[in-house]
Amino acid sequence: MVDLCISFVTGLLLAQLNVSDKDKTHPMESKNNNLVLGFVVLAVFLISGVKSWTGEIHGRVVCDVCADSSIGPEDHVLEGAEVAVLCITKSGEVVNYQAFTNSKGIYTVAETMPQSERWDACLARPISSFHDHCNHLGDGSTGIKFSYNHPSGHFHAIRPFVYRPSTAPTYCI
């Protein structure tokens with residue numbers, strides 16, 4: 001299919017080069033030919049077989065107020081927390097992403113790339129919490145390694161990263 005398109009474009013280019021001097025006196029016709037040629041070249045690139053792939057990773061960052069390793073009504077999300085995601089592509093390239101949580105405590109990393117360059121494995125890890133009252137990393141929140149086997153357009157959800165206060169409030173005891 002690609003060879004057929006390339007042959008077609010080559011034919012159009014040769015036809016364009018063989019236009020007689022009489023046809024060159026018609027500027028509108030020349031502009032129309034150039035426009036058609038441009039669309040054909042664009043079509044060849046679109047049909048060339050390069051498939052894109054989109055991956056997405058998201059998770060949450062929360063404050064475990066009572067430091068009890070469970071998310072309860074006293075706990076809350078952390079806006080502005082920083083998370084790093086490091087991924088290795090199928091071709092071996094290492095890509096590093098930085099994300100910050102929104103007002104709902106959710107961070108998202110997404111990218112569209114050629115299918116052959118899609119993510120193979122990733123590591124997500126919390127970097128910092130900018131909240132003075134909740135800035136100590138909880139147990140088991142040092143990082144999460146995972147394989148990324150999702151098709152294009154699907155996402156990988158990561159369990160929440162947990163920060164704790166330096167001392168739990170008295171109502172937690």
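A: Start with confidence. pLDDT is the predictor's confidence in each residue, from 0 to 100. Over residues 1-10 it stays under 50, and the model has nine contacts beyond four places in sequence for residues 1-10, where contact means heavy atoms within 4.5 Å. For residues 34-48 pLDDT also stays under 50, with 13 contacts beyond four places in sequence. Where pLDDT is low, the predicted coordinates should not be read in detail.

Q: What is the average pLDDT of the protein?

A: The average is 79, and 71% of the residues score at least 70. This is a predicted model, in which local features need pLDDT of at least 70 and side-chain atom pairs count only at pLDDT 80 or more, while totals for chains, interfaces and linings use all residues. Residues are numbered from 1 along each chain as its sequence is written, and side-chain values use heavy atoms, with hydrogens and water left out.

Q: How many helices and strands does the protein have?

A: Helices (H or I, at least four residues) and strands (E, at least two) are DSSP runs, numbered from the N terminus. Here there are two helices and 10 strands. The order from the N terminus is α-α-β-β-β-β-β-β-β-β-β-β. Of the contacts with a separation of 6 or more, 68% are between residues 24 or more positions apart.

Q: What share of the residues counts as buried?

A: Buried means under 20% relative accessible area, exposed over 50%, and partly exposed in between (1.4 Å probe, protein chains only). By that rule, 30% of the 173 residues are buried.

Q: Which residues touch the most other members of the largest nonpolar core?

A: In soluble globular proteins, nonpolar side chains tend to be buried together. A nonpolar core is a set of buried Ala, Val, Leu, Ile, Met, Phe, Trp, Tyr and Cys residues joined through side-chain atoms within 4.5 Å. The largest one here has 26 residues, and Ile57, Val85 and Trp119 touch the most other members. The elements giving two or more residues to this core include β1 (52-63), β3 (82-89) and β6 (119-128). The largest contribution, four residues, comes from β1.

Q: Which residues is Val85 in contact with?

A: Leaving aside neighbours within four places in sequence, the contacts of Val85 include Ile57, Val95, Tyr97, Val109 and Cys122.

Q: How many disulfides does the structure hold?

A: A disulfide is a covalent bond between the sulfur atoms of two cysteines. The cut-off used is a pair of cysteine sulfur atoms within 2.5 Å. The structure holds three. Counting bonded cysteines along the chain, their pattern is 1-5, 2-6, 3-4.

Q: Where do the partners of each disulfide lie, and are they buried or exposed?

A: Cys63 is joined to Cys134, S to S 2.0 Å. Cys63 is in strand β1 and Cys134 in the loop between β6 and β7 (136-137), 71 residues apart. Both Cys63 and Cys134 are buried.

The sulfur atoms of Cys66 and Cys172 are 1.8 Å apart. Cys66 lies in the loop between β1 and β2 (76-77) and Cys172 in the segment after β10, so this pair ties together parts 106 residues apart in sequence. Cys66 is buried, at 16% relative accessible area, whereas Cys172 is partly exposed, at 24%.

Cys87 is bonded to Cys122, S to S 2.1 Å. Cys87 lies in strand β3 and Cys122 in strand β6, so the pair ties together parts 35 residues apart in sequence. Cys87 and Cys122 are both buried.
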